Every structure is written in structure tokens, then in C-alpha cells.
Amino acid sequence: MSEFNNNSNNNAHSSSEEEEQDEILAEYPIYLTTELSKYLYMFQYPMRSTPFTSKTGPSAARLKPRSKKVELDLPLDTRSTHYSTERGEDFAMGLNDKTIKTAYDRRMEEHEEELSMGHSYKAPKKEEELLDKMTMTSIDVPSQTKYVIGVIRDEELHLTPINTTIQLRPGFKYIDKIDEKWKAANKRIQDVEKLEEKKRGTDPNTAQTLQVSVKNTEREGNMRKNLYSMAVRNAEEEDWQPIVYYDENSLQAEKVSEKLYATSKEPLNCITTNADYLDQLSGQKAT
């Protein structure tokens with residue numbers, strides 16, 4: 001019995017110490033402001049573990065206000081030892097409007113160069129473009145709770161409701177564009193072959209014995225295979241609106257952040273119970 005009583009006393013003593021450690025140190029009045037509420041987005045980066053810096057932050061940004069879509073262009077270090085120049089040249093085709101040259105296109109170019117410059121002329125090697133940016137595309141997050149942003153100044157807590165929560169993940173629109181270019185190139189090849197058949201007076205519906213010579217390197221085959229497997233399509237009709245991205249430490253961001261503080265401090269009469277308030281804050285309906 002004595003051992004049991006000693007343990008009880010020790011437990012009571014420990015509980016008393018915990019209560020002393022959890023004492024309230026300060027109480028702040030809460031102010032609610034909605035001046036920036038409809039403009040506030042919370043960005044989540046599930047595939048990033050480090051914050052942006054002045055060098056790695058977005059170089060461009062776009063917004064679809066009605067559908068609440070966001071795109072951010074992040075610069076890629078093409079001089080890094082981890083950057084594949086070969087793959088960068090392949091994927092750069094999705095960043096411009098240049099067509100993919102077929103064997104017929106290259107043959108015509110070589111023929112024109114020989115006529116203008118002579119048979120001994122060799123065209124200088126052009127410097128290939130590189131994929132120098134990665135686009136982060138937003139994905140809507142289902143609303144399961146309500147978020148607010150809070151800032152403290154002069155022992156006052158100022159809250160602003162957040163309008164939209166999105167997750168930003170790497171997008172692959174350049175893959176779709178390369179896919180479209182390959183389809184257009186194949187269409188041109190078919191048109192040229194049909195034209196040659198007409199010149200020879202061959203009925204395209206008549207069975208013919210053909211000798212096909214295909215030149216396709218392993219690099220081209222693997223690239224096209226990966227392009228089709230990575231293709232992602234977006235059929236939204238709303239146009240993107242370019243917006244300016246400012247770093248959190250910039251003067252522009254500091255100026256806007258001042259609107260997170262309530263300018264008027266009128267008292268509010270709360271008619272909601274504590275339980276109802278917590279239910280509303282968590283997105284649940286009170287029962």
C-alpha cells in the first residue's frame with residue numbers, strides 16, 4: 001500500500017509541474033481584415049524541400065483568374081554537371097515554333113546550298129537551344145478546411161482569410177508541343193510521298209513492292225518513346241495573364257504586406273459559441 005501511495009503522490013506532483021509549464025504567457029487581441037482576402041493564394045510545393053532564393057526563384061509567372069490556375073517558370077542551370085545537354089537540346093524543341101525537319105526538308109536544304117554555294121560548301125554548325133526553364137503548374141486542392149494568414153505586431157494578432165489553396169508541380173507542356181511537331185512532320189512526309197506517287201503515275205490503291213530505307217538513331221527512338229509516355233494535355237480555354245513575381249524580401253512585397261494589418265479596430269460582438277467556431281474553422285458542420 002505504501003508503494004502505491006508513493007506513486008500516486010509522484011504522479012500528482014508531475015501533473016502539477018506540467019500545469020505550471022503550460023501557463024499562459026501572453027494574451028493578444030485578434031483583428032480580422034479582408035482587404036487582401038480575395039487575392040491571397042497559398043502555394044504548396046510537395047516536390048520541393050528548399051525555399052526559393054534570389055537566383056532560383058521564378059523568372060516569370062502567369063495566372064488564370066477565373067479558373068484560379070497558376071504557372072511559375074523556374075530557371076534551370078544549364079552549366080550544372082547534373083544537367084544533360086543532350087536531353088536539354090531534345091526538349092528545347094517544345095519551347096519554340098520551329099518545325100521538326102524531316103529527311104525531305106534536309107535534302108532540300110542541302111540541294112539549295114549546293115546550288116548557291118557550290119558542292120564543296122559546308123554549312124556551319126548551328127548552336128542548339130537548351131531547355132533552360134522548368135514550368136510549375138498548379139493543381140487545385142480540395143477544400144477540407146479554411147486557412148488564414150496571421151501576423152503579429154505591437155502585441156496584436158491580425159488575421160486575413162486565404163482565398164485559394166493550390167499545389168505546384170512540374171508541368172510538361174513542351175512535351176505536348178513536341179508531340180504536335182512530330183505529327184506535323186509525319187503529315188508532311190505523307191504528303192510528299194503521295195505527290196511522288198502521282199508524278200510516277202502510280203495508283204496509290206494498287207499493291208506495290210516498296211523498298212523502304214529508315215534512318216533512325218537510338219537517340220531519336222528513345223526520345224519519341226519518352227515523349228509520348230510523358231505527354232500531359234490541358235484543354236482549358238481561359239487565356240493566361242502574365243503577372244510579375246516579387247521576392248518576399250522586395251520592397252514591393254513589403255508594401256503589399258502592410259495590407260495584412262487591420263486599419264480599423266471596431267469591436268465585434270461574437271454570437272458564435274466556441275464549439276461552433278471550431279467547427280466552422282475546420283470546415284465541418286455543427287451537429
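Analyst: Buried means under 20% relative accessible area, exposed over 50%, and partly exposed in between (1.4 Å probe, protein chains only). This is a predicted model: local features need pLDDT of at least 70 and side-chain atom pairs count only at pLDDT 80 or more, while totals for chains, interfaces and linings use all residues. Residues are numbered from 1 along each chain as its sequence is written, and side-chain values use heavy atoms, with hydrogens and water left out.

User: How many aromatic pairs does the structure hold?

Analyst: Two. Rings of Phe, Tyr and Trp (its six-membered ring) pair if their centres lie within 6.5 Å; planes under 30 degrees apart are stacked, over 60 edge-to-face, the rest tilted. The ring centres of Tyr-41 and Phe-43 lie 6.4 Å apart, with planes at 75°, so this pair is edge-to-face. Tyr-45 and Phe-52 are also edge-to-face, with centres 5.4 Å apart and planes at 80°.

User: What makes Phe-52 buried?

Analyst: Its 18% is under the 20% limit, so Phe-52 is buried. Its partner Tyr-45 has 23% and is partly exposed.

User: Why is Arg-153 said to sit over the ring of Tyr-261?

Analyst: The rule wants NZ of Lys or CZ of Arg within 6 Å of the ring centre and within 35 degrees of the ring normal. The charged end of Arg-153 is 3.7 Å from the centre of the Tyr-261 ring. Lys-265 sits over Tyr-31 at 5.2 Å.

User: Which are the edge strands of the six-stranded open sheet?

Analyst: The sheet order is E2-E8-E5-E4-E3-E9, with mixed pairing. Strand E2 (41-44) and strand E9 (241-243) are the edges, as each pairs on one side only. Strands are DSSP E runs of at least two residues, helices H or I runs of at least four, numbered from the N terminus.

User: How do you know that E3 and E4 pair?

Analyst: Pairing needs at least two DSSP bridges. Five join E3 (residues 60-64) to E4 (residues 69-75), and the strands run antiparallel. Ala-61 has Leu-72 as its bridge partner in E4.

User: Which element gives the most to the lining of the second largest pocket?

Analyst: H6, with four residues. This helix spans 251-257, and E2, E3 and E4 each supply at least two residues too.
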